[in-house]
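Good morning. I will go through one structure, starting with its sheet and ending with a single residue.

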Amino acid sequence: MTMPEGLERVLPEIVGRDMFDALVIRTDFSDDGLWNAVVGELRRPWGPGGEFPARVQVVDAPAWSGATADEVLAMVDEDEYLGVVFLADRHTMQSPTRALLALSTVWEDEDDLDPVHYQELIESPEPREFRAAPAAVHSVHVNVTLGNMGFAEFAAAASAEPDQVLRPV
């Protein structure tokens, strides 16, 4: 969905998310069957033995159709407990792995950084996104939320994969 020039998209507010719920927003509405398969995977218990219950808030509202990463990040900006958000976009629906787009909600504005102390960060900014299989979503969300691992560590693991998709270990 493309917005006419001069009009701004109005996206619905996301309410009721618990900080331990992974947030998955559907932005592609081309195939309900594939979407249902993704949701089914997201609702499966996870962990080495499947010992952890799936905690996910799925946003499945047509108002989000075609929303860009920047639009989504702008909408979740006020959620101080959200370190990563996942999008089910066109790529998700077309990929055999149903890989979701993981977006970091934390980034530094280069204009606000003192170049004397943060030159390395300015020259090599942290990654903003990577692809993750639905079965990897919970591990990424929980570990980023708790600070056990950083978003960049997961992005690096995904980039090391031949198809650039993070899978559960």
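**The sheet and one threonine**

Six strands make up an open sheet of mixed pairing, in the order 2-1-3-4-5-6. Strands here are DSSP E runs of at least two residues, and helices are H or I runs of at least four, numbered from the N terminus; two strands pair if DSSP finds at least two bridges between them. Strand 2 (56-59) and strand 6 (165-166) are at the edges with a single partner strand each, so one side of each has no neighbour in the sheet.

This is a predicted model, where local features need pLDDT of at least 70, side-chain atom pairs count only at pLDDT 80 or more, and totals for chains, interfaces and linings use all residues. Residues are numbered from 1 along each chain as its sequence is written, and side-chain values use heavy atoms, with hydrogens and water left out.

Strand 1 (residues 22-26) pairs with strand 3 (residues 84-88) in the parallel sense, over three bridges. V24 has F86 in strand 3 as its bridge partner. Helix 2 (residues 69-76) packs on the sheet and touches strand 1, strand 3 and strand 4; contact means heavy atoms within 4.5 Å.

Now the residue. Where does T105 lie? T105 is in the loop between strand 4 (100-104) and helix 4 (115-123). T105 counts as buried because its relative accessibility is 14%; buried means under 20% relative accessible area, with a 1.4 Å probe and protein chains only. Leaving aside neighbours within four places in sequence, T105 contacts L73, V76, L82, G83, V84 and V85. The T105 side chain reaches the backbone oxygen of L82 at 2.3 Å.

Terms used. Buried means under 20% relative accessible area, exposed over 50%, partly exposed in between (1.4 Å probe, protein chains only). A polar contact is a pair of N or O atoms within 3.5 Å; within protein, one must be able to donate a hydrogen and the other to accept it, and residues adjacent in sequence count only if both atoms are side-chain atoms. Axes are lines fitted to C-alpha atoms, for helices over the stretch in contact, and angles run from 0 to 180 degrees between N-to-C directions.
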